[in-house]
Amino acid sequence: MGALPVYRWRPAPDGYATRRQLRARGLRPGGQEVAAQLERPRRRRGPLVAYLYRVDLAKPVRPMTPARWAALAKANRARRTCPNCRRDAGYVIPTSLGTCVPCASPSTSPRSA
């Protein structure tokens with residue numbers, strides 16, 4: 001495979017889309033190789049790169065099955081469960097804390113009273 005065509009950041013050619021743009025249309029790359037790339041130059045670092053896929057080769061997004069919905073619900077429940085007190089925090093526990101807010105700062109917790 002030769003070098004990929006490179007386009008400037010804004011004017012992407014017709015017939016190409018990024019993963020997010022494909023997803024917004026209800027499509028997925030479907031196993032195809034990257035067809036082109038967009039580059040946005042930056043001053044002190046390397047350019048920002050976005051990979052483009054051909055829209056005509058994209059396939060429809062697979063529908064969620066009941067088993068996939070159940071697996072997603074289980075994963076989200078695990079992200080909300082505090083490892084210390086084993087309670088559902090009602091929000092996704094920040095990785096910076098590692099526990100729910102009341103467990104992370106027990107001196108100001110209303111639960112400790």
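Why does methionine 64 count as partly exposed? Methionine 64 counts as partly exposed because its relative accessibility is 34%, where buried means under 20% relative accessible area, exposed over 50% and partly exposed in between (1.4 Å probe, protein chains only).

Before moving on, note that this is a predicted model, in which local features need pLDDT of at least 70, side-chain atom pairs count only at pLDDT 80 or more, and totals for chains, interfaces and linings use all residues. Residues are numbered from 1 along each chain as its sequence is written, and side-chain values use heavy atoms, with hydrogens and water left out.

**Stop 1**

Keep methionine 64 selected; it sits in the loop between strand S6 (59-60) and helix H2 (66-80). Helices (H or I, at least four residues) and strands (E, at least two) are DSSP runs, numbered from the N terminus.

**Stop 2: strand S5 and its partners**

Select S5, residues 48-54. Strand S2 (residues 16-17) pairs with S5 in the antiparallel sense over two bridges; a pair of strands requires that DSSP finds at least two bridges between them. On this side, tyrosine 16 stands opposite arginine 54 in S5. Strand S4 (residues 36-40) also pairs with S5 in the antiparallel sense, over five bridges. Here alanine 36 has leucine 52 of S5 as its bridge partner.

Now pick glutamine 37, which lies in strand S4. Glutamine 37 is buried, as its relative accessible area is 12%. Show its contacts (heavy atoms within 4.5 Å): leaving out residues up to four places away in sequence, glutamine 37 touches Leu4, Pro5, Val6, Tyr7, Val49, Ala50, Tyr51 and Leu52.

**Stop 3: the aromatic pair**

How many aromatic pairs does a search of the whole structure find? The search finds one. Select tyrosine 7 and tyrosine 16: their pair is tilted, at 6.4 Å centre to centre with 45° between the planes. Rings of Phe, Tyr and Trp (its six-membered ring) pair if their centres lie within 6.5 Å; planes under 30 degrees apart count as stacked, over 60 as edge-to-face and the rest as tilted. Tyrosine 7 is partly exposed at 28% relative accessibility, and tyrosine 16 is partly exposed at 22%.

**Stop 4: the salt bridges**

Side chains of opposite charge can pair when their charged atoms come close. With a salt bridge taken as a side-chain nitrogen of Lys or Arg within 4 Å of a carboxyl oxygen of Asp or Glu, the count comes to two.

- Select arginine 54 and aspartate 56, whose side chains meet at 2.7 Å, N to O. Arginine 54 is partly exposed at 33%, whereas aspartate 56 is exposed at 57%.
- Select arginine 80 and aspartate 88, whose side chains meet at 3.2 Å, N to O. Arginine 80 is partly exposed at 25%, and aspartate 88 is partly exposed at 44%.

**Stop 5: arginine 86**

End in the loop between H2 and helix H3 (101-104), where arginine 86 is found. Arginine 86 has a positive phi of about 60° although it is not a glycine. With a relative accessible area of 63%, arginine 86 is exposed.
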